[in-house]
Amino acid sequence: MNEILPLLELKELTKRFGGLAAVNNVSFKVQEGSISGLIGPNGAGKTTIFNLITGVYRVTDGQILFQGKPIHNQEPFKIASGGVTRTFQNIRLFKNLSVFDNVYTACHLSANYGLFASVLRLPRFRREETILRDKARSLLTIMGLEDRQDIAANNLPYGLQRRLEITRALALDPKLLLLDEPAAGMNPDETEQLMRLIGEVRKMFSISVLVIEHHMDLIMGICDHIHVLNFGCTLADGSAEEVANDPKVVEAYLGAEEEKQC
Amino acid sequence: MDQFLQQLVNGLSIGSIYALMAVGYSLVYSIMNFSNFAHGSVIMLGAYFGFYALTALGVPFSVAFFIAACGTAAVAVILERLAYKPLRDRRAPFLYFIITAMGASIFIDNSVIATIGPTPKTFPSELLPSFLQGMPLEWGALNVGRIDIAIFVVAAICLGLLMLFIDLTKLGKAIQATAYNMKASALMGINPNFVIILVFAIGGGLAGVAGVLYGMKYQVFPQMSSITLKSFIAAVFGGLGSLPGALLGSVLLALIETFVSGYLSTQYRDLFAFIILITMLVVRPSGIMGRDAEDKA
Amino acid sequence: MDYIQGIAVLIGINLIAVLGLSILTGFTGLFSFGHGGFMAIGAYVSAVVSSRLNLPYPIAFPMAILAGAAAAGIISVFIGKLTLNLKGDYFCIATMGFGEAVRVVLNNITYVGGARGWANLPQFTTWWVVLVLDVVCVVVAWNLINSRHGRNMVAVREEELAAQMAGVNVFRSKMIALIVSAVLAGIAGALMANYIQFIRPTMFNMAKSTDLTIMVIFGGLGSISGTIAGTILLVSLPEVFRNFAQWRLVIYGLAVIVIMVGRPQGLMGGVELTPSGIRKLLAARRAKAKLEAELKAAEQGDAA
């Protein structure tokens, strides 16, 4: 029984709002270095799971283990600094800040100076600020945003806003990146660009990714492992081919998708 | 025992006024998820509308009430349309709403000071209906001011009508639905703009009635708007967004204040209101009757 | 000359409090109805130290200011711990209650004069004391804002949830903003007490708090240079338009609404009037224009 410790593990995770179970006894694992997908119809509980993982919601039952240690019900900022960051379904950038400032702000954990040092402008402050600035610049260059860095975030076109959100999430040096419908509102070209970007990000930053998506091409194209939800419950779990051929999934979800495409 | 009952009566009187203010405020809060910090100024305007309707226009007392309530309802709706709606449309952050409310409140309060003047006005008793004039009623050792009875009755009627309206009529149910989930109600065909206007109008109307009653019991002056703090505390005490909670919180707050005034000292009455507030926020921020809500991503 | 100096001192004293509120409201996005209360604490504690403790002259004033600032800061820690974890409305209501509570308590302490006030306080505040403290406070505020602590505060203002997801300890950021703003208000109160030489609780009521907030708004949320400009403007204006004193607040109230609805950035538009600030503004404009041109060219290319 030499099982590799999964990076993230959900164990019988349940979240109830009043009488309604938005997430019902869901268990799955995300292996290190993988790109996993979380799919299901609208309202299946996917974003709720992200909110549970990132500490926005309290867990009603069950556990969330990150690198073997429980992180459920912790403070969101602690979870984020512990290595789990995310993007949002409806983009939540710091809209009035420039592209650069969005990332620069998020780099804050890479510096280690206190209030005293900032107010008195001690040498330590200047040193570490330079480190932060360099880090922000290099991130923006890697993600192809450096020639847009002075624009206010809400003046960016939609696709670049999504890319900026991902960049910001990467600024915390996460081990696990949660992407909530990153391809929402994108045309096929943009979706393909995004797919490539996610693959490159995984390689370049050595991270694992968990994606919520509706775009089946994206999911099938890049995910090593897929977990299907329906009405808060697990419907299927496995590799892309296994899930695509699972009759339950085809009936509940993929079948409808195919009809749409015809 | 007699003093206890006397304090109870006093408390119920001021509690009725608090209730009218707090329910109006909570009603708007339940729909908009936003505290209308200009509420106090609307209450103050109600007192002035009532006063001038009675003295300058010379209308009978009940008509003065009606004019005051309609006036404040109109002011509240205008405030909403001109100041809050543009912010809502732009999905401005919560902070902008508070700042705007503060600005509106400063504008209204100081307009009154600059035009009418800061000296307090008293409702002339000759113009009040005859059953309100005269000595307090005596009931055993209890002295019940006639105005206090009127306050209690008027408040009870208004709040009773409001509860019936909300529970039984179609519009009332529309308000409930929108309070629960604005987007979903909109999908069901309820026009959110209409509900918002309706709710501000009702809240404003209640504020107007509260203002007139307060002005009758005490005096009419521009700094009245600071009474709004009490209505906020009452609403938080009972549970922000819950109408029965606002009612309960108001009565309890008023009773506690009155007992503190009566048995301890009047000086510490306002301090106790603050203590109640802080205690609630520490122990149970959702209030006595509130429900816990979680943020959504 | 004395008259102008008098106004300059008033501007200087108010500026310290307004800087604090700028950090709290303009940069961190928290609204307080009760900072008059922190000014009052600063004023009264410093008055006790400077006139009741019989300290030798050179120490009395600095000790008074320190005591006032510390008292305000410590009390703000309590208020913050109790209310900063709650939703925005609750914090506002709590600050409103706090301001009123301070006033009520002070009204009832005869040792400090009660409701009638406390007169004949020593005249310690001179224009150069105010000037030096102004420079210090502006530098402190500037350094705080332009550090990761300041950027985190702005993140909290912009998108609190996203800030948390970016590892920002939102509660801590808010606390820092609250404590700093309270301490600055306390210093301002201490300076005021020893300048006007008379204090009374009504001087620090909600009208004072809203006055300070209006100065922040006029100058523009999120700009230190804006805050300075706003304070200078709004403290000197009433002197210029003495005849219309009653209408001053009417116009301000209306102006606040118009600003919030029309131009929330206020005078400075969130821009700092410094070389780097202006460079940033120009760079942003250039980049935006470039982007729009590229998008347009792409569209035309598609259409062709």
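The model is predicted: local features need pLDDT of at least 70, side-chain atom pairs count only at pLDDT 80 or more, and totals for chains, interfaces and linings use all residues. Residues are numbered from 1 along each chain as its sequence is written, and chains are lettered from A and ligands numbered from 1 in the order in which they are written.

In chain A, six strands make up an open sheet of mixed pairing, in the order β6-β7-β8-β3-β9-β10. Strands (E, at least two residues) and helices (H or I, at least four) are DSSP runs numbered from the N terminus, and two strands pair if DSSP finds at least two bridges between them. β6 (84-86) and β10 (233-238) of chain A each have a single partner strand, so one side of each lacks a neighbour in the sheet. β6(A) pairs with β7 (residues 176-180) of chain A in the parallel sense over three bridges, and A:R86 stands opposite A:L178 in β7(A).

In chain B, helices α9 (residues 228-238) and α10 (residues 243-264) pack at about 115 degrees, with their axes 7 Å apart. Axes are lines fitted to C-alpha atoms, for helices over the stretch in contact, and angles run from 0 to 180 degrees between N-to-C directions.

Between chains, 35 residues of chain C are in contact with 36 residues of chain B, contact meaning that C-beta atoms, placed from the backbone, lie within 7 Å. On the side of chain C that touches chain B, α4(C) gives the most, with twelve residues.

Note on methods
Two residues are in contact if their C-beta atoms, placed from the backbone, lie within 7 Å.
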